[in-house]
Amino acid sequence: MDGNDKGENSETTVENTRRRILELEEIVKRQKWNYSAHEELVTLVRNSTDFSQQNERVKLENVRESMSESVPLSESQWIQWISDKVSQPHHENQEIQLKSAMELCQRALNDYISV
């Protein structure tokens, strides 16, 4: 296998991931309570997110928001979301970022209590 094959495989993998993300987005629009589709969507978007890019962080945030509005998140999902939030590049005011992370912690507690 030469360097071109690896590049083509990588491009194919990226394209397959994009295609699967689009499929999952349609599934969760039609089936809001489909936990496994939400979970796979969050995982795929997170794994393909370049955290230095604002628009990609926003997409991940939107996917997580959609999931949290439809189904309860597990403790590990909340921890991962909060961890991602506090480890983001400091493009915004650090005080605002901390406040946002604290609000997310409160939501996690409320979500956990409601289950």
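Reply: The chain has five helices and zero strands, and from the N terminus on its elements run α-α-α-α-α. Helices (H or I, at least four residues) and strands (E, at least two) are DSSP runs, numbered from the N terminus. Keep in mind that this is a predicted model, where local features need pLDDT of at least 70 and side-chain atom pairs count only at pLDDT 80 or more, while totals for chains, interfaces and linings use all residues. Residues are numbered from 1 along each chain as its sequence is written, and side-chain values use heavy atoms, with hydrogens and water left out.

Me: What makes W81 count as buried?

Reply: Buried means under 20% relative accessible area, exposed means over 50%, and partly exposed is in between (1.4 Å probe, protein chains only). W81 has 1% relative accessibility, so it counts as buried. This residue lies in helix α4. Leaving out residues up to four places away in sequence, W81 touches E61, R64, E65, S68, L73, L104 and R107, where contact means heavy atoms within 4.5 Å.

Me: What about S52: how do you know which class it belongs to?

Reply: Its relative accessibility is 40%, so S52 counts as partly exposed too. S52 sits in the loop between α2 and α3. S52 and Q88 are 36 residues apart in sequence, yet 7.5 Å apart in space, C-alpha to C-alpha. As for the chain, buried residues make up 28% of its 115 residues.

Me: What makes a group of residues a nonpolar core?

Reply: It's a set of buried Ala, Val, Leu, Ile, Met, Phe, Trp, Tyr and Cys residues joined through side-chain atoms within 4.5 Å. The largest one here has 17 residues, and L41, V45 and W78 have the most contacts inside it. At least two residues of this core come from each of α1 (3-30), α2 (35-47), α3 (54-70), α4 (75-87) and α5 (94-114). With four residues, α2 gives the most to this core. As for W78, it touches S68, L73, L104, R107, A108 and D111, not counting residues up to four places away in sequence.

Me: Why are α2 and α3 called roughly antiparallel?

Reply: Their axes come within 9 Å and cross at roughly 165°. Axes are lines fitted to C-alpha atoms, for helices over the stretch in contact, and angles run from 0 to 180 degrees between N-to-C directions. Angles under 35 degrees count as roughly parallel, over 145 as roughly antiparallel, 65 to 115 as roughly perpendicular and the rest as oblique. So α2 and α3 are roughly antiparallel to each other. The crossing is left-handed, a word used if the near helix is turned anticlockwise from the far one by less than a right angle (right-handed if clockwise).

Me: Which residues in α2 and α3 meet?

Reply: From α2 there are Y35, H38, E39, L41, V42, V45 and R46, and they meet K59, L60, V63, R64, S66, M67 and S70 in α3. This contact divides into seven nonpolar, three polar and four charged residues. Here Ala, Val, Leu, Ile, Met, Phe, Trp, Tyr, Cys and Pro count as nonpolar, Asp, Glu, Lys and Arg as charged, and the others, Gly among them, as polar.

Me: How do you know how α3 and α4 are oriented?

Reply: α3 and α4 pack at an angle of about 150°, with their axes 12 Å apart. That makes α3 roughly antiparallel to α4. Their crossing is left-handed. In α3, L60, E61, R64, E65, M67 and S68 meet Q77, W78, Q80, W81, D84 and K85 in α4.
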